[in-house]
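Open the model in your viewer and keep the selection tool at hand. The stops below go one after another.

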Amino acid sequence: QVQLVESGGGLVQPGGSLRLSCAASGSIFSINNMGWYRQAPGKQRELVAHITSGGSTNYADSVKGRFTISRDNAKNTVYLQMNSLKPEDTAVYFCKLTNTRGIYNYYYWGQGTQVTVSS
């Protein structure tokens with residue numbers, strides 16, 4: 001089993017910054033991908049950013065140039081640095097870990113952390 005604990009959410013003014021962290025513990029495979037998703041009220045959960053165990057990244061178009069995903073493999077932790085925040089970034093942000101072994105993928109989610117961008 002894998003446990004994911006997110007932290008770093010909160011209330012920030014437009015244009016401000018926040019840094020989210022997600023610490024993973026438990027049975028983490030050597031090949032694993034980690035990502036941040038978000039869900040705003042009344043909307044579907046969407047991918048924000050994704051990073052492989054090798055460090056390759058991809059981002060949603062809406063956050064490119066503003067958000068940066070990174071990971072510390074020694075700490076099994078993934079980060080999301082969010083700059084130039086906009087009110088439309090307001091959502092619950094979830095961390096996801098995908099363990100991969102052969103053709104099998106195992107998915108785990110954190111409990112979510114609220115990010116509110118408002119003046």
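**Stop one: the disulfide**

Counting pairs of cysteine sulfur atoms within 2.5 Å as disulfides, the structure has one disulfide. A disulfide is a covalent bond between the sulfur atoms of two cysteines. This is a predicted model, in which local features need pLDDT of at least 70 and side-chain atom pairs count only at pLDDT 80 or more, while totals for chains, interfaces and linings use all residues. Residues are numbered from 1 along each chain as its sequence is written, and side-chain values use heavy atoms, with hydrogens and water left out.

Select Cys-22 and Cys-95: their sulfur atoms are 2.1 Å apart. The angle about the S-S bond is -80°, and the link is left-handed. Cys-22 lies in strand S3 (residues 18–26) and Cys-95 in strand S9, so the pair ties together parts 73 residues apart in sequence. Strands here are DSSP runs (E, at least two residues), numbered from the N terminus.

Are these cysteines buried or exposed? Cys-22 is buried, at 0% relative accessibility, and Cys-95 is buried at 0% as well. Buried means under 20% relative accessible area, exposed over 50%, and partly exposed in between (1.4 Å probe, protein chains only).

**Stop two: Asn-99**

Now select Asn-99, in strand S9 (residues 91–101). Asn-99 is buried, with a relative accessible area of 0%. Which backbone oxygen does its side chain reach? The side chain of Asn-99 reaches that of Ser-27, at 2.9 Å.

Next, show what is in contact with Asn-99 (heavy atoms within 4.5 Å). Leaving aside neighbours within four places in sequence, the contacts of Asn-99 include Val-2, Ser-27, Phe-29, Asn-32, Tyr-104 and Tyr-108.

Note on methods. Helix = DSSP H or I, 4+ residues; strand = E, 2+ residues; numbered from the N terminus. Polar contact = N/O pair within 3.5 Å; in protein donor to acceptor, adjacent residues only side chain to side chain.
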